[in-house]
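Have the structure open while you read.

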Amino acid sequence: MDEVDVIVEQWRTERPDLDLSAVGTAGRIGRLALLAGRAVDDVFKQHGLQRGEFDVLAALRRSGAPYVLTPSVLAAALMLSRAGMTSRLDRLESAGLVERRLDPGDRRSFRIALTEAGRAAVDAAMTDHAANEARLLSPLTGAEQAALDAILRKLLDGLGPAGA
């Protein structure tokens, strides 16, 4: 028995009238998210980044050369408000990892560009992040990882579109 089993068993004793079949699974998913989230955040901290800052740099890097996006495209991709995006961009710009450039097609708006320092930072962080996530999943065999991925994809699909 793990900690979640203990909690579920306590509820079964106190509320035998409830169907608790999903509580253990949901509790483990929540615990996994918490513990894995801390491990992920630790990797980003080693690179001087917060998770949200990494997300911005990663979105720019994944977009392909020349690694430039508008703030609204970034905000939509990361499901952030424009105000939330502005504060992240301010921090990243102060650190020299991104720069704001006037949009040549509309001089009233900006584009966000990944700098060389930003590209080096996100590449280094992503290398360590990928290794860390592989380590986190290492107790599972390749087949178990594939099965878990398929199950989680199905579960997320059943919950509706992202950001809904």
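Predicted model: local features only at pLDDT ≥ 70, side-chain atom pairs only at ≥ 80, totals over all residues.

Residues are numbered from 1 along each chain as its sequence is written, and side-chain values use heavy atoms, with hydrogens and water left out. Helices (H or I, at least four residues) and strands (E, at least two) are DSSP runs, numbered from the N terminus.

**Pockets**

- A pocket here is an open set of points on a 1 Å grid over the protein atoms alone, where a 1.4 Å probe fits, with protein on both sides within 12 Å along at least five of seven lines; lining residues have an atom within 4 Å of a point.
- Grid points are joined across faces, edges and corners, and a volume is the space filled by probe spheres set on the points.
- The largest pocket comes out at about 950 Å³.
- It has 22 lining residues, and Leu32, Ala36, Leu137, Leu148 and Leu152 are the closest to its centre.
- Two or more lining residues come from each of H2, helix H6 (116-137) and helix H7 (142-158), and H2 gives the most, with 9 residues.
- By class, that lining has 15 nonpolar, 3 polar and 4 charged residues (Ala, Val, Leu, Ile, Met, Phe, Trp, Tyr, Cys and Pro count as nonpolar, Asp, Glu, Lys and Arg as charged, and the others, Gly among them, as polar).
- The second largest pocket holds about 200 Å³.
- Its lining has 13 residues, with Pro71, Ser72, Arg82, Thr86 and Phe110 nearest the centre.
- Helix H4 (71-77), helix H5 (82-94), strand S2 (98-103) and strand S3 (106-114) each supply at least two residues of this second lining, and H5 gives the most, with 4 residues.

**Helix packing**

- Axes are lines fitted to C-alpha atoms, for helices over the stretch in contact, and angles run from 0 to 180 degrees between N-to-C directions.
- Helix H1 (residues 3-14) and helix H2 (residues 23-46) have axes that come within 9 Å and cross at roughly 140°.
- H1 and H2 are therefore oblique to each other (under 35 degrees counts as roughly parallel, over 145 as roughly antiparallel, 65 to 115 as roughly perpendicular and the rest as oblique).
- In contact (heavy atoms within 4.5 Å) are Glu3, Val4, Asp5 and Val8 of H1 with Val23, Gly24, Gly27, Arg28 and Arg31 of H2.
- The residues of that H1 and H2 contact split into 3 nonpolar, 2 polar and 4 charged.
- H3 and H6 pack at about 105° with their axes 10 Å apart, and are therefore roughly perpendicular to each other.
- H3 brings Phe54, Leu57, Ala58 and Arg61 to this contact, while H6 brings Arg119, Val122, Asp123, Ala125, Met126 and His129.
- The H3 and H6 contact divides into 6 nonpolar, 1 polar and 3 charged residues.

**The loop between H3 and S1**

- Pro66 sits in the loop between helix H3 (51-62) and strand S1 (68-69).
- A cis peptide bond joins Ala65 and Pro66, with omega about 10°.
- Tyr67 is found in the loop between H3 and S1 too, and has a positive phi of about 60° although it is not a glycine.
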